[in-house]
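Please keep the sequence and the model in view while reading.

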Amino acid sequence: HRETARQQMSFIRGTDLFGYVGIEAVLDQMRRKTMKSGFEFNIMVVGQSGLGKSTLVNTLFKSKVSRKSCTPNYEEKICKTVKLHSVSHMIEEKGVKMKLTVIDTPGFGDQINNENCWEPIVKYINEQYEKYLREELHVNRKRRIPDSRVHCCIYFLPATGHRLRPIDVEFMKRLGKIVSIVPVIAKADTLTIEERQEFKERIRQDLASNGICIYPQKEYDEDQEEHALNEKIRESIPFAVVGTDKEHQVNGNKVLGRKTKWGIIEVENVAHCEFSHLRDLLVRSHLQDLKEVTHNIHYETYRVRRLNESNVDFIPSASLL
């Protein structure tokens with residue numbers, strides 16, 4: 001007869017303690033460790049050529065991080081097939097180091113026949129999950145597994161003012177199940193404020209009617225506070241964005257903006273575009289959550305599926321699609 005141990009749980013508040021224990025110092029320990037080792041963030045940009053993907057990524061991180069801007073003698077040419085290229089940078093700000101990897105998808109949506117053009121992208125995302133899984137299953141695994149998994153996919157929608165195109169629906173339907181997608185309206189300054197609002201509303205309707213999962217998903221909200229914050233974001237998606245790396249003088253201040261014959265579109269001014277909402281989501285408020293959703297939801301789904309398959313010996317040639 002085996003007796004099970006009883007577990008008792010009580011809640012002791014700070015006011016009930018005899019004195020200072022120092023539990024909150026663990027936050028400083030975590031901060032010091034993160035500052036010492038740094039962290040990884042992998043972002044994928046998808047959309048047809050000419051939508052300003054490289055410029056937007058450079059604007060997000062206030063540096064030349066896109067493949068286009070850090071490749072000497074870069075030539076813009078339309079690829080016959082979808083190719084994936086990644087470029088990594090170590091960015092340091094106030095002692096915090098981030099290894100940023102930007103994955104570009106030239107050739108996506110640029111053909112007359114774009115059938116199955118998402119397949120190389122699905123394959124790439126799953127390959128990164130596979131790589132991580134193999135590292136995890138090693139008997140002598142590394143203390144810190146290199147993380148090349150895609151934490152976020154920014155999907156660029158052309159500012160047509162109409163609705164989602166079939167390619168948009170097909171791509172986001174498939175990819176929304178395996179990666180966190182954040183859709184944006186590219187070069188949104190080509191629409192008036194009214195056109196922009198109507199377009200955003202139609203896109204939200206199309207996303208809902210097609211059952212497309214975009215980040216942040218309702219079912220992953222952990223509490224009321226997070227739900228309230230994420231609800232505001234969901235009401236704003238897709239973000240209407242404008243990117244630029246050029247500075248202009250406005251009322252004596254230097255601002256990032258695009259100069260037109262009607263004036264200057266200030267990229268970080270919420271009255272002009274929603275770039276700052278996108279930046280806040282990706283970097284300032286949800287970066288850690290994007291990483292956690294990737295690990296706990298998307299990667300976990302992949303891991304369970306792979307471990308349940310009969311070929312648990314992980315044959316390298318196994319299909320990842």
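How many salt bridges does a search of the whole structure find? The search finds 16 salt bridges. The structure is a predicted model, and the points below are grouped by topic.

**Salt bridges**
- Glu170 and Arg174 form a salt bridge, with their closest N and O atoms 2.2 Å apart.
- Because they lie four residues apart in helix 5 (residues 166-175), Glu170 and Arg174 are separated by about one helical turn.
- Glu170 is partly exposed, at 30% relative accessible area, and Arg174 is also partly exposed, at 37%.
- Lys142 pairs with Glu135 in a salt bridge whose closest N and O atoms are 3.4 Å apart.
- In this pair, Lys142 is partly exposed, with a relative accessible area of 44%, whereas Glu135 is buried, at 18%.

**A salt-bridge network**
- A network of salt bridges links Glu130, Arg134, Arg305, Arg306 and Glu309.
- One of its contacts joins the side chains of Glu309 and Arg305, at 3.2 Å from N to O.

**Helix 4 and helix 9**
- The axes of helix 4 (residues 119-137) and helix 9 (residues 287-308) come within 10 Å and cross at roughly 75 degrees.
- Helix 4 is therefore roughly perpendicular to helix 9.
- Among the residues that meet are Glu130 and Tyr132 in helix 4, and Tyr299 and Arg306 in helix 9.

**A nonpolar surface patch**
- Ile12, Leu17, Val21 and Ile23 form a nonpolar patch on the surface, together presenting about 410 Å² of accessible area.
- Ile23 lies in the segment before helix 1 (25-37) and is exposed, with a relative accessible area of 63%.

Definitions and conventions:
Residues numbered from 1 in each chain as written. Predicted model: local features only at pLDDT ≥ 70, side-chain atom pairs only at ≥ 80, totals over all residues. Heavy atoms only, no water. Patch = residues over 30% accessible without salt bridge, like charges linked within 9 Å, V, L, I, M, F, W, Y side chains within 5 Å. Areas by Shrake-Rupley, 256 points an atom, 1.4 Å probe, with all protein chains shown as cover. Salt bridge = Lys/Arg side-chain N within 4 Å of Asp/Glu carboxyl O. Helix = DSSP H or I, 4+ residues; strand = E, 2+ residues; numbered from the N terminus. Buried < 20%, exposed > 50% of the residue type's maximum accessible area, 1.4 Å probe, protein only. Axes fitted to C-alpha atoms, helices over the stretch in contact; angles between N-to-C directions. Parallel < 35°, antiparallel > 145°, perpendicular 65-115°, else oblique. Contact = heavy atoms within 4.5 Å.
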